[in-house]
Amino acid sequence: MTNDKLASRNKDLVLRGLAEFTKGNIEVLRELLHENFIEHSPGNPSGRDAFIEFTANSPVATARLEIKRVIADDEYAVVHYHMIAQDDPRGSAVVDIWRLVDGVITEHWDVVQPVPDADWIPHGMF
């Protein structure tokens, strides 16, 4: 049984973090990520400080993020969004999975897929 209060808190925390991040406030990650944050995506470093430095220098730091849906429970928040980089008008479909413990993000997984030409997706990506 999911704890609705924790689910709501997790959803709000992740959405607030993404809102700040998209405004250019990368430092919000210091507040949201556990010091021993674990990253599961290939090529991305674990550890709060290493992850923040990596993210600050990655394309996501300057991309526009259009959130399409958020699903949360008492341990996870999942965000599906359209990431549009300045040099890529079609962008990518992204799903981030965040694990939270005691109001802090402890782990992260993601799936990233380039948005193909519209002819390949008659029902749309989102």
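This note sets out points on the sheet, its strands and selected residues of the model.

1. Basis. The model is predicted, so local features are reported only at pLDDT of at least 70 and side-chain atom pairs only at pLDDT 80 or more, whereas totals for chains, interfaces and linings use all residues. Residues are numbered from 1 along each chain as its sequence is written, and side-chain values use heavy atoms, with hydrogens and water left out.

2. Sheet order. Five strands make up an open sheet with mixed pairing, in the order S1-S5-S4-S3-S2. Strands S1 (33-39) and S2 (64-72) stand at the edges with a single partner strand each, so one side of each has no neighbour in the sheet. Direction ignored, neighbouring strands are turned against each other by 25° on average. Strands (E, at least two residues) and helices (H or I, at least four) are DSSP runs, numbered from the N terminus; two strands are paired if DSSP finds at least two bridges between them.

3. Helix on the sheet. Helix H1 (residues 4-22) packs on the sheet and touches S2, S3, S4 and strand S5 (104-114). The direction of H1 makes about 175° with that of S2. Axes here are lines fitted to C-alpha atoms, for helices over the stretch in contact, and angles run from 0 to 180 degrees between N-to-C directions. Contact means heavy atoms within 4.5 Å.

4. Strand S3 and its partners. Strand S3 (residues 76-84) pairs with S4 in the antiparallel sense over eight bridges. S2 and S3 are also antiparallel, over eight bridges, and form a hairpin with three residues between them. Ala72 stands opposite Ala77 in S3. Towards S4, Tyr81 has Val94 as its bridge partner, and His80 stands opposite Val95. Seven of the nine residues of S3 are buried, where buried means under 20% relative accessible area, exposed over 50% and partly exposed in between (1.4 Å probe, protein chains only).

5. Asp96. This residue lies in strand S4 (residues 92-101). Asp96 is buried yet has no salt bridge, the nearest side chain of opposite charge being Arg69, 13 Å away. A salt bridge requires a side-chain nitrogen of Lys or Arg within 4 Å of a carboxyl oxygen of Asp or Glu; for charge, Lys and Arg count as positive and Asp and Glu as negative, while His and the chain ends are not counted. The side chain of Asp96 does make a polar contact of 2.7 Å with that of Tyr81. A polar contact is a pair of N or O atoms within 3.5 Å; within protein, one must be able to donate a hydrogen and the other to accept it, and residues adjacent in sequence count only if both atoms are side-chain atoms. Neighbours within four places in sequence aside, the contacts of Asp96 include Val79, His108 and Trp109.

6. Arg69. Arg69 is found in strand S2 and is partly exposed, at 39% relative accessibility. The side chain of Arg69 makes a polar contact with the side chain of His80 (2.6 Å) and reaches the backbone oxygen of Phe126 at 3.1 Å. Not counting residues up to four places away in sequence, Arg69 also touches Val78 and Val79. The C-alpha atoms of Arg69 and Val79 are separated by 6.0 Å, with the two residues 10 apart along the chain.

7. Ala50. Helix H3 (residues 48-56) contains Ala50, which is partly exposed at a relative accessible area of 36%. The C-alpha atoms of Ala50 and Phe37, 13 residues apart along the chain, are 9.6 Å from each other.
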